[in-house]
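Please keep the sequence and the 3D view side by side while you read, and look up each residue as it comes up.

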Amino acid sequence: MDSTIRTTVGKSEHRIDAVEKVTGKVRYIGDYAVPGMLHAKLVTSTNAHATITAMDTKEAWKVPGVRAIVTGDMFPFHIGPILADRPPLAFEKVRYYGEPVAIIVADHEHQAKLAASKVKIKYEPLPIVNSAKQAFETDAPLIHPDLGQYMKIISDVYPVPGTNIGSHIKIRKGDLGSAWKNCAETVSATYNFNLSDHAALETRSTRVEINPEGKVIVHSCSQSPYTIKKVLNQFFNIEVGNVIVHIPLVGGAFGGKGTVQLEPLAYLASKAVGGKMVKLQLEREEDMRTAPCHIGFDATIKLGVDKDGKLLAGQYTFLIDSGAYTDQAAGITRAAAIDCTGPYHIPNVWCDSYCMYTNHTFATSFRGYAHPELTFAVERTMDQLARKLNMDPIQLRILNGIKPGNTTPTQTVLTANNIGDVEKCMIRAKELIKWDEGERIEVSKKAIRSKGISMFWKTSTTATNAQAGAVLTFEADGSVNLNCAAIELGQGTKTILAQIVAEKLKLGMDKIHVTMEVNTQYDPHQWRTVASSTTFLAGRAVLAAAENAVTQLKKTAAAVLQCAEEDLDVGDGRVYLKPDPTYGVGFKDLALGYTYPSGHSIGGQIVGVGKHIQRHLTPMDKETGFGKPGPWWSVGVQAVEVEWNQRDCTYKVLKAVTVLDGGTIINPTTALQQMRGGMYMGLSFASTETFVFDEQGVMQNPDLRNYQLLRFGEQPAQYLVDFIETPSADGPYGARGIGEYGVIGMAAALANSLSVAAQVELNELPLIPEFIWKMRKESGQ
């Protein structure tokens, strides 16, 4: 156990953006207006799959204030983060309802909106592919007949030309065929749910201008400023150095702003009006039907065990509904395969994970990046296996929980450094949910109380060269400015980074000033703010920058104090002699260089520079999946207690539990808030959220009146959160990422709980009362 005494890390410091937010002083992208700024509105498809036969813009041009109309044939090329398969504006054909087909640029927003309504488009309908299962059928209509011609942006994406498979990822570990022969018992089940929304408070928005020097200046609410630079360079041939991206505070994202969608459109709009600033902001309904959403999912899982309940074999087939384009869903397909088993040691694994094209809104990253989805399927199967074996679900999980010395599905060897302690998490969760009081209790003739539990894990699947940088500049008063490209989108990242700096410099938090806005002209490169990787990557970078600053402080102070650098330490804004701390010099006297009484100066400004890049990660082998995809695996357990009404199948969540091994918890209160927010989101996604498409692939509920989120008052009566701290040797002060983990196991835990209550297997989401009633009726109850 680490017995180091720390002053800031491990303490619940106040969030540095709290005052600005609670007083309403934060300015988001949509709050800015600039004189002369033009406004853009999208014309979107009214068909889910159709050929564009004609487009008439005559009436739109008659609207006063219209400056430009941009159509798909003006840029008839494809873009994408993993596979370049998506035109920024549809040309020749549309592939989903709500797909952008034209941009109207006008002096005022209302003018652009009116003109957009006057664009007349003729379509010739094409056959609709309305589910991932339908897309997988051999005679399914092809959504991308030219699939084999699309450019790969990264190497490990494997489209299958002549099909609707945008990527096929394989895991082959051990000898599955032989393993089945040794199994005493097997269980198999299928699962599915439809696409849903991120529903961030702030809708997608961007402003773009091209200045007279040719520099493209982008303001966006993105999670990925350097990806915007990369995309504009790759697909529009703009030099990377000529793209400047600004990101203010972001009003929620949950992965939905990790992709690049509106920025290329706003760039085309700005270019069409001579480089003037153009603002493109989606209304809520547009954001839901046009912007990328959360994947749909179909899974079939078969597990086999020996006579003692030890897992011997696992076979997994995942069909991921990526909608009309692969976007980040191709990466999600890979992530689902990487951790397909859940946190269980299974020596023989066979997984086929498919990214499937459908005529739905295209999908992108969602908090957990495939793990809430695969965990729902895996943990439901584990519960069904426990019932078949007549074992306690917790005992079955503990028996098979993954440990140091085991290997992952991709055959990465786990150690005490890169895997947490899932058994400790389970034991604590069992206490918190009071499992021993009973899994199912009849409270009255109509009320049943039941409990469900779920183990989960996730590795941070980043690019093998994912990296972050940080710069610390000292002020004349000895305080420190922190600059990096981590995005603050509500998760408290900048507070955590400030704590890391404060801990290393042994300064108070009030002496650390963090620049909240990101500007790619002066903030060092950072991969993205996704994948629960920011505390790890940016944290290592700011720690390195602080160490660099300490080295500079000691070097100058050693000259001033006439001693060796190794005789010095820092603390309380001073550099002092270890044997005699009363003898030292203040940061404020060193910050801009030390000046002797004679006027002679040495040192210069203290500027700490740090960086960190992922190490020893490898791509996956195409045929076996062999490789090391992530630096560590965080593990945890979640549980839910519900009260279910057996008369009308309604229910309320009484208690939700999370126990996570996140390594060292740098800020317990923000970590607690992360978990609670994730738990709420997971329960909402599990219980009520789904997009509804009609037979023609038209979304029926692209608005918050008909898209059902968990409302206030429907949240759990009690949230219980605890942490197990198994430090990671690679993480800053032993921390692992935790940002996504609160959401991952909630759908599975809720489904397990309700399955116990209703005494029927609930393998679909969302878990609305009508669905529970239907399943009970089909089972004869």
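Ile228 is found in helix α6, which covers residues 225-236; helices here are DSSP runs of H or I with at least four residues, strands are runs of E with at least two, and both are numbered from the N terminus. This is a predicted model, in which local features need pLDDT of at least 70 and side-chain atom pairs count only at pLDDT 80 or more, while totals for chains, interfaces and linings use all residues. Residues are numbered from 1 along each chain as its sequence is written, and side-chain values use heavy atoms, with hydrogens and water left out.

With 0% relative accessibility, Ile228 counts as buried (buried means under 20% relative accessible area, exposed over 50%, and partly exposed in between, with a 1.4 Å probe and protein chains only). Leaving aside neighbours within four places in sequence, Ile228 is in contact with Val218, Ser220, Ser222, Val245, Val260 and Glu263, where contact means heavy atoms within 4.5 Å.

The contact is made by Met679, Gly682, Leu683, Phe685, Ala686 and Ser687 of α16 together with Met746, Ala747 and Leu750 of α18.

As for α18 itself, 13 of its 13 residues are buried, so this helix is largely enclosed by the rest of the structure. Just after α18, Gln759 takes a positive phi of about 55°, and in the loop between α18 and α19 (769-778) lies Pro766, which is joined to Leu765 by a cis peptide bond with omega of about 0°.

Lys506, in the loop between α13 (493-505) and β24 (512-514), has a positive phi near 55° and is partly exposed at 36% relative accessibility. His616 sits in the loop between β31 (607-613) and β32 (633-645); His616 has a positive phi of about 65° although it is not a glycine, and it is exposed, with a relative accessible area of 67%.
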